[in-house]
Amino acid sequence: MSHSIDRIEPATSEVEAAAAVIRSHRSRYLESAKRTESDPRYVEPRRAIETAVEDAERAAGVETPAARDALWSAVFDMKGASAFDWTLAAFHSLSTGDYAMAEARAARALARATNDLGVQAILHQARRGGAADPGFGGRFCDAPFRTIETAPGGDVYFCCPAWLPKPIGNLDTESAGDIWNSDAAKDIRASIHDGSYRYCSRSHCPKLTADTLPETADLSNAKMRAISRTEATELDAMPERLVLSHDKSCNLSCPSCRSELVIARKAEQKRLNALADRVLFPLMGQARRLRMTGSGDPFGSAHFQYVMRRLKDLDNPDLKVDLQTNGVLLTPALWDRLGLEGRVEQMLVSSDAATPETYAILRRGATFEQLMRALTFIAELRRENRIRNFRLDFVVQALNFREMPAFVELAQSLRCDGVKFQMIRNWGTFTPAAFDAANVARRDHAENDAFRAVLDHPALKAPNVEIWGLQR
Ligand SMILES: C[S@@+](CC[C@H](N)C(=O)[O-])C[C@H]1O[C@@H](n2cnc3c(N)ncnc32)[C@H](O)[C@@H]1O
Ligand code: SF4
């Protein structure tokens, strides 16, 4: 198949040939996305994308720059195109130096494949005008040396799966020790020591987006300093910090998080309790910090309630608990029943609104009145020094961004220690168009100027107000 220079519309058969090749690469790419370099199934994402682009162009028979441009425009606009099709089209734009197009295409792919490190790398390189990733040499993240986080399905990560989307093992099939020092765990630790942070998300990890990673030279923790100096990848000491996010059960169904109510059935609750007895309680016996939960709700999950109730049986009084919750089920009676007095360090309460109307939409299943009753109790716990930290959380989206200053005032009136705003991500509950509409941080969003104006409000400049996930 040959092309004349002035021909710019690819034939349907050429686009179909490219699409078939892309589909065959896509399954390998997705398989590789959960792996790290010591796994034979791992392919470095940029290499995988580049190879797929070359193979697709060869299959379509395009040779000239104009024909390649036209092919990738057609693939991008193809009916039923996947995020991977869009990613390859973005890579093509990046490789031709069309950074604005690369950014627009990659942003579209990312809205659908939110944890894809390959598309994130394209997006950020386009935003840097084509410059290579500088990495984070000389800086140190302690998460892979201190923390594990469980996820639904039993996979275990070093931190939030959106921030570092590589599992290091699975609770159902491996022992805690094998998971903690697995090949994937060692690969990830090596990527911290070499400064590449190649498995970490430049789009979602707040330490990378806000550039707050400490300098290695300034590390105050002697253990972390030693680990950094020796570039240790295999660790004797088990994790100090556990984040339990393996049960999605919750009393609410916030539209940003899920489309319907999720409550584990009795048999599943029993299975999770047995798993906690076998793997998690021995870890809790040695840890210093336990957080529940990023997946469902500690009070809305019978399993997490079981974990809380059983903490009193541990011979580890030093283990402190942080609860991340919608809060609405918490009452003084439940607090007592779960034996939480003296155990809880932080209460992080997601509220997403400063008005009853917005709250009812964004926190489906609860009322603002219920929330305020729970917040009043938690504020009392904090005032009486029965907990050390009380934070209010808010997922920023089109429907609520104008309430951000009033939300800070609400937190101040409750004498909270801090407020966290998190930019909304697509957890698969939005179509790409619905997500575009919700995501006011998008520069071409109709309300982006109004959003930027809200960010300049003095209330948001208070030192205890954090904004996560915003690319400034
Ligand atoms: C899934 S919840 C689990 C804990 C608890 N149920 C709660 O709501 O805080 C963990 C955090 O994720 C936030 N969240 C929910 N949907 C989100 C989305 N689409 N993007 C970013 N954060 C989201 C919640 O508001 C909460 O702060
Ligand atoms: S309360 Fe938390 S876990 Fe429950 S649906 Fe809302 S965001 Fe998800």
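Which residues does L88 touch, not counting residues up to four places away in sequence? The answer is I22, I49, A52, V53, A56 and V75. This is a predicted model.

**Helix 1 and helix 4**

- Helix 1 covers residues 12-32, and helix 4 covers residues 83-95.
- Their axes come within 10 Å. They cross at roughly 100 degrees.
- Angles of 65 to 115 degrees count as roughly perpendicular, so helix 1 and helix 4 are roughly perpendicular to each other.
- On the helix 1 side, the meeting residues are I22, R26 and Y29. On the helix 4 side, they are F84, D85 and L88.
- The residues of this contact divide into 4 nonpolar, no polar and 2 charged.

**The largest nonpolar core**

- The largest nonpolar core has 121 residues.
- L88 is one of the members that touch the most other members.

**Around ligand 1**

- There are 17 residues around ligand 1.
- S256, C257, D297, S350 and R425 come nearest.
- The shell divides into 6 nonpolar, 8 polar and 3 charged residues.
- Two strands each supply at least two residues of this shell: strand 6 (320-325) and strand 8 (389-396).

**Around ligand 2**

- The residues around ligand 2 include C250, L252, S253, C254 and C257.
- R258, G296, D297, N326 and S350 are also around ligand 2.
- This shell divides into 4 nonpolar, 4 polar and 2 charged residues.

**K320 in strand 6**

- K320 is found in strand 6.
- Is K320 buried, exposed or partly exposed? K320 has 18 C-beta neighbours inside 10 Å, so K320 counts as partly exposed. A buried residue needs 20 or more, and an exposed one has 12 or fewer.
- Leaving aside neighbours within four places in sequence, K320 is in contact with R288, R289, R343 and E345.
- K320 and T96 are 224 residues apart in sequence. From C-alpha to C-alpha, K320 and T96 are 53 Å apart in space.

**Backbone details in the loops**

- A cis peptide bond joins M292 and T293, with omega at about -5 degrees.
- T293 is in the loop between strand 5 (289-292) and helix 13 (302-310).
- D352 has a positive phi of about 65 degrees, although D352 is not a glycine.
- The loop that holds D352 runs between strand 7 (344-350) and helix 15 (356-362).
- D352 counts as buried because it has 26 C-beta neighbours inside 10 Å.
- R415 is not a glycine, yet R415 has a positive phi of about 55 degrees.
- R415 lies in the loop between helix 17 (404-413) and strand 9 (418-423).
- Is R415 buried or exposed? R415 is exposed, because 10 other C-beta atoms lie within 10 Å.

Methods:
Residues numbered from 1 in each chain as written. Chains lettered and ligands numbered in written order. Predicted model: local features only at pLDDT ≥ 70, side-chain atom pairs only at ≥ 80, totals over all residues. Near = placed C-beta within 6 Å. Helix = DSSP H or I, 4+ residues; strand = E, 2+ residues; numbered from the N terminus. Nonpolar A, V, L, I, M, F, W, Y, C, P; charged D, E, K, R; others polar. Axes fitted to C-alpha atoms, helices over the stretch in contact; angles between N-to-C directions. Parallel < 35°, antiparallel > 145°, perpendicular 65-115°, else oblique. Contact = placed C-beta atoms within 7 Å. Core = buried A, V, L, I, M, F, W, Y, C linked by C-beta atoms within 7 Å.
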